[in-house]
Amino acid sequence: MSTYTPDPAYRPDAVTTADVPPSAGITEAGVTGAQALIRSLEEAGVNTVFGIPGGAVLPAYDPLMDSTRVRHVLVRHEQGAGHAATGYAQATGAVGVCMATSGPGATNLVTAIADAYMDSVPVVAITGQVPSTMIGTDSFQEADICGITLPITKHNYLVTDPDDIPRVISEAFHIAATGRPGPVLVDITKDALQGTTTFRWPPRTDLAGYRPVGKPHAKQIREAAQLLLAAERPVLYVGGGVVKAGACEELRTLVELTGVPVVTTLMALGALPDSHPQHLGMPGMHGTVAAVTALQKSDLILAVGTRFDDRVTGRPDSFAPHAKVVHADIDPAEIGKNRQADLPIVGDARDVLADLVLGVRARHEAGHRGDYAAWWQRLENWRTRYPLGYDPAPEGRLSPQQAIERIGRLAPEGTIFTAGVGQHQMWASQFIDFEQPGRWLNSGGAGTMGYAVPAAMGAKAGRPEATVWAIDGDGCFQMTNQELVTCALNGIPIKVAVINNGVLGMVRQWQTLFYDQRYSNTALHSGPSAPGSAPTADRASTSAGGTRPVAPGTRIPDFVMLAEAMGCVGLRCEDPAELDAVIEKANAVNDRPVVVDLIVHEDAMVWPMVAAGTSNDEIMAARDLRPDFGDETD
């Protein structure tokens, strides 16, 4: 059975290079800054870098060619390099690394860096920069990438002295992986890469003021255990920080010790098995009725490794109005940011949960136990009356939910799933069973279309023994599918399911519900329409800006042909009777990437749903179906 084991660097108390005296290390005189960079990456334990060379970073690519310890994967776009580094980090628990040149190379990384920042993923992005003497002159391919990324990195560096390269790389990896993980940018000028230095490893580092708190305060733990056992309607609200901390065993122990119901966010799916009887599902805009309502009706929320984002809370002033909040997080800036905490706990999720187990056991020994029987009766009523489900597709058509559900059921054990953003992402979170942590990778905070394919590439590069399926929409797929060429040429056999409904599905769903079915620019197979006319689905644009008729049944693009042109196996399914056979055929392909074009109907919607900006009390279990909770909030 495949298990997810985070890298030891995730633990705030792990040994770092700062703990090792220089005399115990390596000294190599007369090397270039570029050689020092590659040696630093080697000694930091890096085995894979995703990137594209260019003028300013070219000095680093020369010694990289000689490295026997670092594999470089030449991507087709720098955004792909960034998402691949993120997927690698999420799948392995190690720090992901990407590299690009100055100017547009660096700015093409920005979306991926922002994505990693929002989802707290440890990534080190290395960029070349113009020579230090030319900074500020608007020289060719100059961009202030440190200034640009300042709001979306945990930290960043501009290196102009080759002597600083080993220390900065060591610090970058330490910062990225400890405390609340996140991306760190290292921008190195070309003259620093070309200059001469003495490589010393490990370097002496001293990060003044950076001391992530690991161990929570014992008094707060005791108070949290007391509140938990005294509550009548408690909910354990679990976020992605629990997965990143490797705290899933501690979570399960606490859950089964207390009998408290659990909800896991989009970033925490698999932290507690979906099949666990105390797991109510995912909360939020498209969460289960039971999970959303449990938070809403609770009198105590114990939140661990999560941040009360708007997709979970709905309208903040109406969220869980009767609940006290115990908020535990490694990042003190998150506590009280979106919801006032009655009891704040700063600490690593693994330490918090482990200490809570001890605290609860101590309360049990003193004769104090929680009684949640009446609460569970209500929860089971909601769970039974409003399960996840979907309407069948029109006769002879393929349902997107069915396609995703069957991929999940037929996938080999331990399969890693990535997803783009939109309807297919939500359906994957709902209809694939996640029984283990580390099997679900997606863009949660930034909601980045185009994430799935390069993230799957990174996950497969880091976990070559695992099957990796990318669940993508036809809109997302057209943003980053060029990385399939990278996969084909580098022996990275990912599998991609394109949920092809011919539209930007989630946007179209909102247009259906909130914009009187005015489908402005969401049909992917149609060209521009005349002013005032309704868009049609049988026209495509020409290079001259007009339109030309497209024969019925013509697919632009044809994803099967596109896949084959990029060195992949291309399959297509639009008949439900053939679905399992096509998926099994895709599962049997292991020597190259495979793309499955799943033609589904365009009118399927994601339910349940809490409309943006509304209260979670207004959740709709399905279209025109509001749950009856048996109280005044119905």
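A residue is called buried when its relative accessible area is under 20%, exposed when over 50%, and partly exposed in between, using a 1.4 Å probe and protein chains only. The model is predicted, so local features need pLDDT of at least 70 and side-chain atom pairs count only at pLDDT 80 or more, while totals for chains, interfaces and linings use all residues. Residues are numbered from 1 along each chain as its sequence is written, and side-chain values use heavy atoms, with hydrogens and water left out.

Strand E5 (residues 123–129) has 7 of its 7 residues buried; Val123, Ala125, Thr127 and Gln129 point one way, Val124, Ile126 and Gly128 the other. Strands are DSSP runs of at least two residues (E), helices of at least four (H or I), numbered from the N terminus. E5 runs parallel to E4 (residues 96–100), joined by 5 bridges, with Gly96 opposite Val123, and parallel to E7 (residues 183–189), joined by 7 bridges, where Asp187 is the bridge partner of Thr127; pairing requires at least two DSSP bridges.

## Nonpolar cores

A nonpolar core is a set of buried Ala, Val, Leu, Ile, Met, Phe, Trp, Tyr and Cys residues joined through side-chain atoms within 4.5 Å. The largest has 62 residues, and Leu236, Val242, Leu251 and Ile301 have the most contacts inside it. A second, separate core of 49 residues includes Ala84, Tyr88, Ile416 and Val498.
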